[in-house]
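Here is a short briefing to read alongside the model. Please keep the viewer open as you go through the points.

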Amino acid sequence: MLERIAKHQLVSLLSAYPAVALIGPRQCGKTTLARSLGGRFFDLENETDIVRLEAQWDEIAASKELIVFDEAQNWPPLFNRLRVAIDADRARPRRFLVTSRSAVAVSAVFRPKSHRGFEHFYDPSAVKAPSVAPSSPLL
């Protein structure tokens, strides 16, 4: 039930923003939730995925499908690339989902109030649905 609520909230945020950061502790279900949305998936703890991402970046940035970057704190160059890609086409939502266990790593590069993205904290141990802070735009 909680995962369905979180998925509904995430889909809603993705329909409004070009990028959403899904932040939560290790092993809380971020990757499972992100994979459930479909799209192209890049595990940034995996060197092969990083090499593939670098080689295909122009195609990825222009893609019409959702692109998921899992454990984004492991590849810092991603954040500057996201800024450029989003600024090139700000009107298109549902482009990028970034997962991270580090709110600091994500927030340090996602500048508040730019309306490029949204920060969503995922806590599967919460008794109620995960909270979403409506004043937390990212990038």
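Ala, Val, Leu, Ile, Met, Phe, Trp, Tyr, Cys and Pro count here as nonpolar, Asp, Glu, Lys and Arg as charged, and the others, Gly among them, as polar. By that scheme, the lining of the largest pocket divides into one nonpolar, four polar and six charged residues. This is a predicted model, in which local features need pLDDT of at least 70 and side-chain atom pairs count only at pLDDT 80 or more, while totals for chains, interfaces and linings use all residues. Residues are numbered from 1 along each chain as its sequence is written, and side-chain values use heavy atoms, with hydrogens and water left out.

**Overall fold**
- The protein chain has six helices and six strands (DSSP runs numbered from the N terminus: H or I of at least four residues for helices, E of at least two for strands).
- Along the sequence, the pattern is α-β-α-β-α-α-β-α-β-α-β-β.
- Of the 139 residues in the protein chain, 46% are buried (under 20% relative accessible area with a 1.4 Å probe, protein chains only).

**Largest pocket**
- About 160 Å³ of space lies in the largest pocket, the volume being the space filled by probe spheres set on grid points joined across faces, edges and corners.
- A pocket is an open set of points on a 1 Å grid over the protein atoms alone, where a 1.4 Å probe fits, with protein on both sides within 12 Å along at least five of seven lines; lining residues have an atom within 4 Å of a point.
- Its lining includes R26, K30, D43, D70 and E71.
- Helix α2 (residues 30-35) gives the most to this lining, with three residues.

**Around E71**
- E71 sits in the loop between β3 and α5, and counts as buried because its relative accessibility is 5%.
- S102 is 31 residues from E71 in sequence, with 8.7 Å between their C-alpha atoms.

**Aromatic contacts**
- The structure holds three aromatic pairs (ring centres of Phe, Tyr or the six-membered ring of Trp within 6.5 Å; planes under 30 degrees apart count as stacked, over 60 as edge-to-face and the rest as tilted).
- F42 and F69 form a stacked pair, 6.0 Å centre to centre with 25° between the planes.
- F42 lies in strand β2 (residues 40-43) and F69 in strand β3 (residues 67-70), so this pair ties together parts that are 27 residues apart in sequence.
- Both F42 and F69 are buried.
- Ring pairs link F42, W57, F69 and F96 into a cluster.

Note on methods
Buried < 20%, exposed > 50% of the residue type's maximum accessible area, 1.4 Å probe, protein only.
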